[in-house]
Amino acid sequence: MMDDSLNSLKLFIEGVMSSQYPSVMSKKTSKKWRLWPSSLAARTGLLLIVGIGLVEACGLMIHTLDRLDFDRLTQEQEAANRATAIYRDISEVDSVDRIDEINDLDPMHGFTIFLSNQPDLQKISPRSQKLEQTVSHLLTTVLFPPELRPKEIIAASDRDTHRSAIAFQLPDDNKWLNISYTLSSPNPFTSATFPIAFFVMATATGLLTFWGVRRLIAPVGTLAAAAERLGQDVNAPPLPETGPLEVARAARAFNNMAHRINRFVNDRTQLLLAIGHDLRTPITRLKLRSEFIEDPTLQKKFIADLDELESMIKATLDFGKDSARHEPIVSIDLTKLLHALIHELQETHPDKKENILLCEPTPHITTKARPISLKRALQNLMENALHYAGNVSVTLKIEQLSSIKDPHHDKRIVILIEDDGPGINEEALDHVFEPFVRMETSRNRATGGTGLGLSITRNIIHGQGGDITLNNRQPNGLCAKVTLIA
């Protein structure tokens, strides 16, 4: 069977979808990376948002620095204009009235104005030729009488403390008009447009990243869904070979692989059915010829062997027909199905009615499956338990997954079919699912069977997208655990 190959492919693509590493990580590594998202979409989105966020932060930082320089130049220019205007007001007043004029002025916040016999720069250093040239240029460009222009201008500026001072030597009495001021530190966050721009950029980036990641990851989700369908039905429809070049190439390769798997399964099934059908004719002839055997003991043994061979061929044909079945997947009430199976078993084995139990409480569960095939698989497991152990107990429950590989499948349906029989050797728990395998020590020829029941059951369960495992119970008994997608 190609079930193992299909399941491996399914797990591989689901691993790509959820970006799980193929190897088992240590507890230390898992703890270290517990904040790292598990899905490819989340990882891609996180990387894009972090990367674009860094670019935005760099852009905003450059904008902030440029804004700080612009605000600083604007403040310096406004302070120089204010100092020039103050000098003009004082120089136009008679020398005896200048102190009163200074007291009547309403300067900007942080300005200090006073007259002195010597320039007083308030111990501000170093001397600023740039500020001197700026003030001198302002006095020459405005309409200002040349006779009122200062004899000398001395300026100093300290960029660390944002303090500046300008001393003007008045033209008529040789006194110095000293103007000192402290500029406030520019703050770009006081701008109303800055938080709006940041919010708009962050929102637009998040939305575009979310939309782009979903569009880019959508083909991977489609591929994972196609692999899941292929694991349940080798005749599933092919993927559309559209989209970007890489996606179309992957879809084409997947369709080719699915076609080869389908052809292999069909060829194997047809070969199996043909061999089983052709063997029936010689068996019938041998039965007819056995009537001419004179020794009754030999004749009885000969016919018994032919009956057993015919039984094996019938089971083989059933096995092949089950693989070729094209039953559609529909929504079924799993709870009602189990109740019906338990009721049928109790009617068929009235002497063991008390040993056929469905554990309560039974949750109401609906799932998608092939109803006839699933019923046959569960019935086979229950009849095996009842036949080999004399009792069967069925439990239905929903199991939450603690480690989620696929966020869309965070829970699963679990059906436990248990008995109190002799169980199976631990080494043979997986081996019994192989075709024509019978465990002589616990389930021998005396009890009947050809060794295909569990193989058929496993194929049906795998075809439903689920799994089946066997485990020995303590102190004795066997538990068949069937898991289905919720």
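Predicted model: local features only at pLDDT ≥ 70, side-chain atom pairs only at ≥ 80, totals over all residues.
Within the facing strands, D158 is found opposite R163 of β3. Strands β2 and β3 belong to an open sheet of 4 strands, arranged in the order β1-β4-β3-β2 with antiparallel pairing. The edges of this sheet are formed by β1 (111-116) and β2 (153-158), each of which pairs on one side only. From one strand to the next, the twist averages 10°.

Two helices are placed against this sheet. Helix α3, which comprises residues 40-91, packs on the sheet and touches β1, β3 and β4 (176-182), and its direction makes an angle of about 155° with that of β4. Helix α5 (residues 129-141), in turn, lies across β2, β3 and β4, and runs at about 135° to β2.

A further helix, α10, comprises the 19 residues 371-389. At 1.5 Å a residue, α10 should span 27 Å, and the result agrees with this expectation because its end C-alpha atoms are 27 Å apart. With under 20% relative accessible area taken as buried, the buried residues of α10 are S373, L374, A377, L378, N380, L381, M382, N384, A385 and L386. In general, an α-helix has 3.6 residues a turn, so residues three or four places apart point the same way. Helix α10 is followed by G390, for which phi is positive, near 85°.

Terms used
Residues numbered from 1 in each chain as written. Heavy atoms only, no water. Pairing = 2+ DSSP bridges. Axes fitted to C-alpha atoms, helices over the stretch in contact; angles between N-to-C directions. Contact = heavy atoms within 4.5 Å. Expected span 1.5 Å × (residues − 1). Buried < 20%, exposed > 50% of the residue type's maximum accessible area, 1.4 Å probe, protein only.
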